[in-house]
Amino acid sequence: MTKADIILSSQAVFTGLGDQPSPASIAVKGNKIVAVGDSNEMQPFIGSDTKKLDFGDQLITAGFHDAHLHLLSGSLTNDFSVNLQSARSEEEAVMMVKEFAEKNPADEWIIGNGWDSNNWENHQFPHRSTLDNVVKERPVFLYHAEFHYAWVNSKALEVANIHSQTKNPPYGIIEKDTMGEPTGILIEKAISLVSEKAMAFPREKQEELLASFLQHAAKLGVTSVNDLYPSLNEGFDLFKKFDDEGKLTARIHLYPALNGEMERAKTLRDSYQSEKLKFTGLKQFIDGVVTGHTAYMLDPYVDRPDTKGETVFSVEQLTEWVLEADKEGFQIRFHAIGDGAVHIGLDMFEEARKENGERDSRHALEHIEIIHPGDIKRFKDLGVIASVQPSHLALMPITSHTTRVDEKKYPYIYPGESLKKAGADVAFGTDFPVASLDPMKQIYHAVTRMDHTGEHTWNEQESFTVAAALKAYTQGSAYSVFREHELGTLEEGKFADIIIMNKNIFQIPPDEIPNTRVVATMVDGKFVYSHSESHHLLTI
């Protein structure tokens with residue numbers, strides 16, 4: 001009989017196979033779980049060197065798997081930039097930038113994120129001149145909360161050679177005033193004109209960003225991630241370096257751009273296939289965001305009846321890419337926020353089935369902020385995964401959506417339970433750094449549907465149970481990368497990616513969920529994070 005290296009025990013173990021935690025022990029040998037059962041069933045696995053750890057009534061679950069994030073850019077905005085989320089005016093945001101710039105005199109660029117004029121009294125976009133007043137000689141680049149706009153100063157425009165004669169790029173807007181001068185606001189694809197220069201970090205900085213992310217993820221119990229549309233020169237070779245050196249403490253699943261470059265995609269697929277670093281599929285955008293009227297709708301916007309939004313690429317181009325990639329066996333994930341974009345995405349996946357034949361493709365739509373009720377059941381019918389981020393409903397005021405779409409659509413904003421009830425496979429993520437990487441916030445909003453104010457709930461009929469939320473955040477995400485046989489539940493034969501929480505979230509009031517913390521994180525059978533006094537030895 002195999003002797004375990006370590007046995008973890010608790011009165012509350014959520015294996016993911018049922019809907020409630022129960023007393024159990026988990027035997028780990030190497031990087032795998034070799035048994036799950038009661039104390040009697042553990043006896044054959046105990047050897048003279050077996051460590052036995054009892055966590056009392058603290059909750060043990062499979063590690064969290066974030067189905068949608070942006071790894072290196074997320075680490076940058078989380079740890080190495082100014083967070084403007086709390087700013088309630090342009091002036092307040094500018095003072096925060098000024099303070100950050102003064103504290104970081106060596107930074108060539110001042111980078112920030114999180115500002116949102118919807119949270120400001122005048123709701124107007126800010127101007128480059130206010131940034132110029134506090135930082136004139138260094139370029140300033142500030143992502144909006146949704147990362148679909150950017151606010152820059154005059155120096156940043158100068159570095160990027162953006163001026164009155166610069167034309168808008170496809171699916172992008174360089175906002176200009178009545179005199180034709182850039183205001184400092186860049187929308188959608190225009191952002192890349194500056195971001196390509198602002199994000200051109202040396203290798204040492206990129207390594208620092210990756211190390212910082214891994215530390216942050218371990219502390220939050222995030223043991224696997226899907227890195228969608230990786231930025232910062234994609235970072236694939238950097239990830240591989242960390243993987244080869246045994247430094248990856250989270251499993252990374254790569255999703256570079258779906259853009260018709262099939263040979264490159266095939267090369268990447270063949271090159272990254274380790275247990276910790278896998279090329280898994282391709283990702284692209286169908287549309288933009290509701291607040292910018294760039295999310296593609298089935299009907300005109302209420303406050304802008306001249307537009308339904310638009311697609312990033314033509315439907316013909318997107319369909320061509322989908323049919324080609326699907327034929328080559330690639331999984332495809334699409335950013336789809338408006339009900340029109342969701343409908344188009346489902347239509348393209350349906351056409352791929354007809355053209356290339358039915359297979360276990362597990363294509364996915366990301367975000368799904370508004371959906372037509374007739375499209376809900378199509379997720380199950382077409383085998384399409386619904387990849388959602390529960391805390392997004394609280395990123396900004398409800399009015400950011402309700403003032404832009406017809407009242408008949410209100411019940412179908414930020415769907416959740418209706419998709420699950422209709423049989424869709426649901427995976428949870430954060431879209432970090434758009435939202436916090438902390439899974440507890442996602443679970444809280446999935447369960448409570450609490451809105452931006454923290455005082456009111458929104459579309460409560462879409463709420464998840466705690467068990468359903470945990471499953472979406474573990475086995476749902478594992479399924480989304482074809483690894484449900486290796487990850488997502490606590491079962492014999494699966495990787496020992498295990499976390500312990502300081503509270504049993506099945507037994508506490510929902511408003512205490514955000515304050516719950518992870519006290520220990522195990523990846524591949526090794527603790528990669530452990531809070532002091534998180535456990536004590538127990539003789540079984």
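Reader: How many nonpolar, polar and charged residues does the lining of the second largest pocket have by class?

Author: In this predicted model, the lining of the second largest pocket has twelve nonpolar, 15 polar and four charged residues. The pocket is lined by 31 residues, and Gln 85, Leu 395, Val 434, Ala 435 and Ser 436 lie nearest its centre. Two or more lining residues come from each of α2 (71–79), β8 (110–115) and α15 (439–448), with α15 giving the most, namely four residues. The volume of this second largest pocket is about 640 Å³.

Reader: Why is the contact of Glu 358 with Arg 353 called a salt bridge?

Author: The side chains of Glu 358 and Arg 353 meet with an N to O distance of 3.7 Å, and because the cut-off for a salt bridge is 4 Å between a side-chain nitrogen of Lys or Arg and a carboxyl oxygen of Asp or Glu, the pair qualifies.

Reader: What makes Glu 358 exposed or buried?

Author: Glu 358 has a relative accessible area of 64%, and since exposed means over 50%, Glu 358 is exposed.

Reader: How do you know whether Arg 362 is buried or exposed, and which residues form salt bridges with Arg 362?

Author: The relative accessible area of Arg 362 is 7%, and buried means under 20%, so Arg 362 is buried. Asp 360 forms a salt bridge with Arg 362, the closest N and O atoms being 3.0 Å apart, and Glu 484 forms another, with the closest N and O atoms 2.8 Å apart. Glu 484 lies in the loop between α17 (475–480) and β21 (498–501), and Arg 362 in the loop between α11 (339–356) and β18 (364–367), so this pair ties together parts that are 122 residues apart in sequence. Asp 360, at 44%, and Glu 484, at 29%, are both partly exposed.

Reader: How many salt bridges does a search of the whole structure find, and which residues are linked in a network?

Author: The search finds 32 salt bridges, and a network of them links Arg 203, Glu 207, Asp 237, Lys 241, Glu 245 and Lys 247.

Reader: Where does pLDDT stay under 50?

Author: The chain averages a pLDDT of 94, and 97% of the residues score at least 70, but pLDDT stays under 50 over residues 536–540. Where pLDDT is low, the predicted coordinates should not be read in detail. The model has 14 contacts beyond four places in sequence for residues 536–540.

Conventions:
Residues are numbered from 1 along each chain as its sequence is written. This is a predicted model: local features need pLDDT of at least 70, side-chain atom pairs count only at pLDDT 80 or more; totals for chains, interfaces and linings use all residues. Side-chain values use heavy atoms; hydrogens and water are left out. pLDDT is the predictor's confidence in each residue, from 0 to 100. Contact means heavy atoms within 4.5 Å. Buried means under 20% relative accessible area, exposed over 50%, partly exposed in between (1.4 Å probe, protein chains only). On a 1 Å grid over the protein atoms alone, a cavity is a set of points where a 1.4 Å probe fits but cannot get out, and a pocket is an open set with protein on both sides within 12 Å along at least five of seven lines; lining residues have an atom within 4 Å of a point. Grid points are joined across faces, edges and corners, and a volume is the space filled by probe spheres set on the points. Ala, Val, Leu, Ile, Met, Phe, Trp, Tyr, Cys and Pro count as nonpolar, Asp, Glu, Lys and Arg as charged, and the others, Gly among them, as polar.
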